[in-house]
Amino acid sequence: MLEWGRRKPRNTPTQPQDIRSQSAIHPTAEPVPVRPIEPTEEIQLRNCFPWSVYYIHNIEYRPQAIICRGQIRTTPTQAYQQIKSNIEAEFGDRFLLIFQEGFNGKPFFILVPNTQAARNPSQPQKITRPGLALFLLVATLITTTLVGASIAGSDPQQLVSDPRMFWQGLLYSLGLITILGVHELGHYLTARYYQIRATLPYFIPLPFFLGTFGAFIQMRSPVPHRKALFDVSIAGPLAGFFITLPILLWGLVNSELVPLTDQAGLFNPEALNPKSSILLALLSKLALGSQLTSTSAINLHPLAIAGFLGLMVTALNLMPVGQLDGGHIVHAMFGQRTAMVIGQISRLLLLLLSLVQSGFLLWAIILYFIPLIDEPALNDVTELDNKRDILGLMAMGLLVIIVLPLPQILSNLLQM
């Protein structure tokens, strides 16, 4: 259920602080050589940095970048726009300009080769493949329907002979595909709004497990600034969450109550303990009312299973680690350095939570293998506005109420 598509875009620049380790991270990637800067061109380059905007101290030449370090004399937004205009006036579209905060807190500029500029403009690269997207959607519809029917207790022969089983499987399939699709469309449409080149959403069919391994998009051009990084990243989880709510509530209304036993838990769809999640407990009480008591577990309807998975997808993607949506969000809010610290703390907290809720152990292992370093935006220094900061904190709050169990005091108030 991971959202694999928001990994490193093909044509985005590398992290300058980590240039020496890029071969270890991407051993098959060959560095793109920077076209030599002649002495006269270096003078032109220095002239692109007015002393009243960014007083340049020195220029460093690396295999994949030219790093310009100095002292900023104005706001980050004004500095980036002014110097970007100067670079384009002197060098055209030869370079992409990145503005990034160093580990010492001082922002610096990086020029990297613009690989898009080398392409033939009369033959633009086609990145949208609607035929492939449609094929994968149909294949995923089939695999999730079969898995949904299996969850409902059917086998392939019953699926043909018993229309009710087929309907149960189809409900699960349509619910899950809708949630995943809306999530990815949130990313896709927001990326298009910011004129970021992105593929259509692609589903990953799987003939077992959940019937799918999720869906993804790939971004094929750099993110212009932290505002765009934030908006693109948060659009998916929020869109997916808002479509998950009615699907989950409808499924819970049609689910059955069963006795609460030792086997009941958060990841047992036949005996789900709603108190394993604060949000799930609130939604279950809203859907089932007084029928749901402290001795009740829930045997989830197939559509409720799809809705439950939607909550889990939202929570996993909101984890503030590396290149997950949550990692992008905290990067946009606090900057790369702070986001790496938050990511490491989040790994440890989830590992501790898995001691109480063993189902999260797999998540903790997955997060351990996700790099903490996130890809920078072109202007990675300008901070967000207060509205986006508040929205980002609310998204982190949503993550908390999904993964934390219901406190006893709330359980007493809800009579659960």
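Is E42 buried, partly exposed or exposed? E42 is partly exposed, at 24% relative accessibility, where buried means under 20% relative accessible area, exposed means over 50%, and partly exposed lies in between (1.4 Å probe, protein chains only).

## Basis of the report

This is a predicted model, in which local features need pLDDT of at least 70 and side-chain atom pairs count only at pLDDT 80 or more, while totals for chains, interfaces and linings use all residues. Residues are numbered from 1 along each chain as its sequence is written, and side-chain values use heavy atoms, with hydrogens and water left out.

## Salt bridges

A salt bridge is defined here as a side-chain nitrogen of Lys or Arg within 4 Å of a carboxyl oxygen of Asp or Glu. Under this rule the model contains eight salt bridges. One of them joins the side chains of R46 and E42, with 3.6 Å from N to O. Both residues belong to helix α2 (residues 39–47), and because they are four residues apart, about one helical turn separates them. Helices (H or I, at least four residues) and strands (E, at least two) are DSSP runs, numbered from the N terminus. As a general rule, an α-helix has 3.6 residues a turn, so residues three or four places apart point the same way. R46 is partly exposed, its relative accessible area being 32%.

A second salt bridge links R69 to E60, whose closest N and O atoms are 2.8 Å apart. R69 is partly exposed at 27%, and E60 is partly exposed at 21%. In another pair, the side chains of R388 and D385 meet at 2.6 Å, N to O. Here R388 is buried, with a relative accessible area of 18%, whereas D385 is partly exposed at 33%. Shared partners also join E60, R62 and R69 into one network of salt bridges.

Helix α7 (residues 226–253) has 28 residues. From its first C-alpha to its last it reaches 41 Å, close to the 40 Å expected at 1.5 Å a residue; the expected span is 1.5 Å times one less than the number of residues. At A235, α7 bends by about 30 degrees, and the proline P237 follows within four residues. The bend at a residue is the angle between axes fitted to the seven residues ending there and the seven starting there.

Two packed helices are described by the angle between their axes and the distance between the axes. The axes of α7 and helix α8 (residues 278–288) come within 9 Å and cross at roughly 50 degrees. α7 is therefore oblique to α8, since angles under 35 degrees count as roughly parallel, over 145 as roughly antiparallel, 65 to 115 as roughly perpendicular and the rest as oblique. Axes are lines fitted to C-alpha atoms, for helices over the stretch in contact, with angles from 0 to 180 degrees between N-to-C directions.

Within helix α8 lies L280, which is buried at 3% relative accessibility. L280 and V403 are 123 residues apart in sequence, and their C-alpha atoms are 9.3 Å apart in space.

## Residues with positive phi

Most residues other than glycine have a negative phi. Q195, although not a glycine, has a positive phi of about 60 degrees. Q195 is found in the loop between α6 (163–193) and β5 (202–205), and is exposed, with a relative accessible area of 73%.

F209 also has a positive phi, near 55 degrees, and is a residue other than glycine. The loop between β5 and β6 (212–216) holds F209, which counts as exposed at 56% relative accessibility.
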